[in-house]
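Have the sequence and the coordinates open side by side. The paragraphs below go through the helical chain, its contact with the other chain, and then the strands and a few single residues.

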Amino acid sequence: MTTENALQVKDLCAWFGENQVLKNITMDIRRNSVTSVMGPSGCGKSTFIRCLNRMHDLTPGFRVAGDVIFDGRNIYAEKIDPVLLRRKVGMVFQQPNPFPRMSVFENVAVGLRFNGKKRSRAEIAEVVEKSLRMAALWDELKEHLDRPGTSLSGGQQQRLCIARALAVEPEVLLMDEPCSALDPVSTAKIEDLIEDLSAKYTIVVVTHNMQQAGRISDFVAFFLLGDLIEMDTAARMFTNPADKRTEEYITGRFG
Amino acid sequence: MKKHYREELGNLRETVLRMGGLVEQMTHRAVQALAERKIGLLAEVRAMETQVNQLHIDIDEICLELIALRQPTAADLRFITAAMKINTDMERIGDQAINITESAEYLLTVPPVKPLIDIPRMAEIAKEMLRDALDAFVHRNDELAYETIKKDDLVDQLKDQVFRELLTYMMADPETIHRSLGLILVSRHLERVADHATNICEDVIFMVKGKDIRHQEPLP
């Protein structure tokens with residue numbers, strides 16, 4: 001395991017039943033950077049990031065081959081506990097999904113209560129504050145920690161979900177179209193947050209929005225029909241991509 | 001909001017300013033070398049040109065990436081396109097300073113035709129125009145840009161004056177022709193520096209007001 005890469009994907013293939021949705025994907029995901037995965041619908045990008053923390057384990061008919069190396073080990077090896085893995089590799093979804101009937105505070109604290117280690121009330125409060133601060137939500141909500149999480153605006157809910165993911169101190173954050181349900185102002189807040197968080201975390205974002213990929217990413221990977229066509233720095237991908245298909249996609253000629 | 005994007009725009013602004021400072025300094029040193037007959041200063045001008053060339057490339061790259069990655073609109077878009085055009089003008093000013101340097105390299109090996117008065121004055125005004133043009137760019141100050149453009153006439157007049165004066169020297173003594181032509185060229189290069197500063201001002205006015213004032217009747 002090099003310290004440079006948080007994740008190393010080698011020859012990853014995935015199937016839903018007979019249908020192969022990922023074909024020999026090999027890529028390194030640089031530590032403390034933002035990597036965006038883009039491509040037209042059905043290209044396998046969501047499946048790909050879900051493979052990075054084994055979200056498909058319980059999907060009937062799903063099969064995977066190849067390696068995803070994290071912390072020096074293949075996450076699909078037998079001895080890996082997927083629950084522990086998901087604590088280290090957290091996920092934020094497209095629709096903000098705070099736990100219903102839980103307050104803002106509880107939504108952030110819940111992960112801590114489930115992960116074994118005994119903590120005092122004060123310790124938990126400290127982690128909640130720190131997580132909400134990192135998610136740029138503390139100043140807005142510090143007086144309202146007892147409000148139901150679901151009473152927040154969509155953009156706040158999404159930042160709450162990010163705070164919840166950060167509370168268990170992950171190394172990698174996976175985000176599956178984290179802004180597609182949000183208005184432009186909330187989107188700008190989340191995008192700024194993503195750029196801030198990349199100083200400490202490795203972030204992988206699936207996005208349909210090419211402009212967003214351009215704004216937030218250090219690296220961009222372009223998928224098409226289950227193949228990784230090209231991966232490079234965002235600057236390179238959006239000014240002079242190597243593959244003609246990438247060029248056609250980002251200039252809106254297809255997809 | 002959009003803090004990172006603002007930082008990138010700030011970085012572009014600073015890089016433009018750094019390059020502007022360098023080409024101003026190049027012009028200053030080249031003319032100083034000529035006026036004070038200090039040939040050693042010319043090496044400084046050449047050293048600065050290397051840096052200017054690199055910044056020329058850097059600024060275009062920064063602008064291209066900002067456009068590709070940040071999708072700038074409205075005032076931001078005008079700012080970035082202005083920076084690209086100003087970049088070209090600044091690089092040309094650097095080239096003019098090199099042209100002056102080349103003339104000076106010859107002129108400093110021969111006795112002076114006359115003490116230099118108008119050429120250092122032209123250089124002073126041209127540098128001031130460049131400084132004010134960049135100041136107007138940084139502070140989005142269209143009034144300063146308008147004021148600066150007016151000074152271009154003064155530089156043009158000085159250039160004509162230098163030409164007329166040197167003509168009399170050349171007519172009186174053909175021995176001075178080569179040296180006089182060297183000085184006429186220097187005044188021509190300085191006049192071009194002021195023209196580039198004028199172009200920068202026009203870009204600044206477009207950036208601030210969204211109004212294109214190029215190729216119109218002279219200002220009142």
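Two residues are in contact if their C-beta atoms, placed from the backbone, lie within 7 Å. By that criterion, 80% of the contacts in chain B with a separation of 6 or more are between residues 24 or more positions apart. The model is a predicted one.

Chain B has seven helices and zero strands, and along the sequence the pattern reads α-α-α-α-α-α-α. The radius of gyration of chain B is 19 Å, close to the 17 Å given by the globule rule for 220 residues, so chain B is as compact as a globular protein of that length. Along the principal axes, the C-alpha atoms of chain B fill a box of roughly 70 × 40 × 20 Å. Of the 220 residues in chain B, 40% are buried.

In soluble globular proteins, nonpolar side chains tend to be buried together. Here the largest nonpolar core has 132 residues, and those with the most contacts inside it are Ala30(B), Ala126(B), Ala133(B) and Val204(B). Helix 7 of chain B, residues 177–209, provides the largest share of this core, with twelve residues. What is Ala126(B) in contact with, leaving aside its neighbours within four places in sequence? Its partners are Thr27(B), Val155(B), Leu190(B), Val193(B), Ala194(B) and Ala197(B).

The contact between the chains takes ten residues from chain B and ten residues from chain A. On the side of chain B that touches chain A, the elements giving two or more residues are helix 1 (3–36) and helix 2 (41–70) of chain B. Helix 2 of chain B gives the largest share of that side, five residues. By class, the side of chain B that touches chain A consists of four nonpolar, two polar and four charged residues.

Chain A brings in strands. Strands of a sheet pair through backbone hydrogen bonds, either parallel or antiparallel. Four strands of chain A form an open sheet in the order 2-1-4-5, with antiparallel pairing. Its edge strands are strand 2 (19–30) and strand 5 (73–74) of chain A, each of which pairs on one side only. Within the sheet, strand 1 (residues 5–16) and strand 4 (residues 62–70) of chain A run antiparallel and are joined by eight bridges. One point to locate is Ala14(A), whose bridge partner in strand 4 of chain A is Val64(A).

Strand 3 of chain A pairs in the other sense given above. With strand 8 (residues 202–206) of chain A, strand 3 of chain A pairs in the parallel sense over four bridges, and the bridge partner of Val34(A) in strand 8 of chain A is Ile203(A). Four bridges also join strand 3 of chain A to strand 9 (residues 219–224) of chain A, again running parallel. There, Thr35(A) stands opposite Phe219(A) in strand 9 of chain A.

Is strand 3 of chain A mostly covered or mostly open? Strand 3 (residues 34–38) of chain A is mostly covered, with five of its five residues buried. In a regular strand the side chains alternate between the two faces of the sheet. From strand 3 of chain A, Val34(A), Ser36(A) and Met38(A) point one way, Thr35(A) and Val37(A) point the other way, and all are buried.

Some single residues remain. Asp28(A) is partly exposed because 17 other C-beta atoms lie within 10 Å. Apart from its neighbours within four places in sequence, Asp28(A) is in contact with Asn5(A) and Gln8(A). The C-alpha atoms of Asp28(A) and Ser120(A) are separated by 39 Å, and the two residues are 92 residues apart along the chain.

Asn32(A) lies in the loop between strand 2 and strand 3 of chain A. Asn32(A) has a positive phi of about 50° although it is not a glycine. With 15 other C-beta atoms within 10 Å, Asn32(A) is partly exposed.

His215(B) also has a positive phi, of about 55°, although it is not a glycine. Its place is in the segment after helix 7 of chain B. Why is His215(B) exposed? His215(B) is exposed because 6 other C-beta atoms lie within 10 Å, and a residue is exposed if the count is 12 or fewer.

Methods. Residues are numbered from 1 along each chain as its sequence is written. Chains are lettered from A and ligands numbered from 1 in the order in which they are written. Two strands pair if DSSP finds at least two bridges between them. A nonpolar core is a set of buried Ala, Val, Leu, Ile, Met, Phe, Trp, Tyr and Cys residues joined through C-beta atoms within 7 Å. A residue is buried if 20 or more other C-beta atoms lie within 10 Å of its own, exposed if 12 or fewer, and partly exposed in between; C-beta atoms are placed from the backbone. The radius of gyration is taken over C-alpha atoms; the globule rule is 2.2 Å times the number of residues to the power 0.38. Ala, Val, Leu, Ile, Met, Phe, Trp, Tyr, Cys and Pro count as nonpolar, Asp, Glu, Lys and Arg as charged, and the others, Gly among them, as polar.
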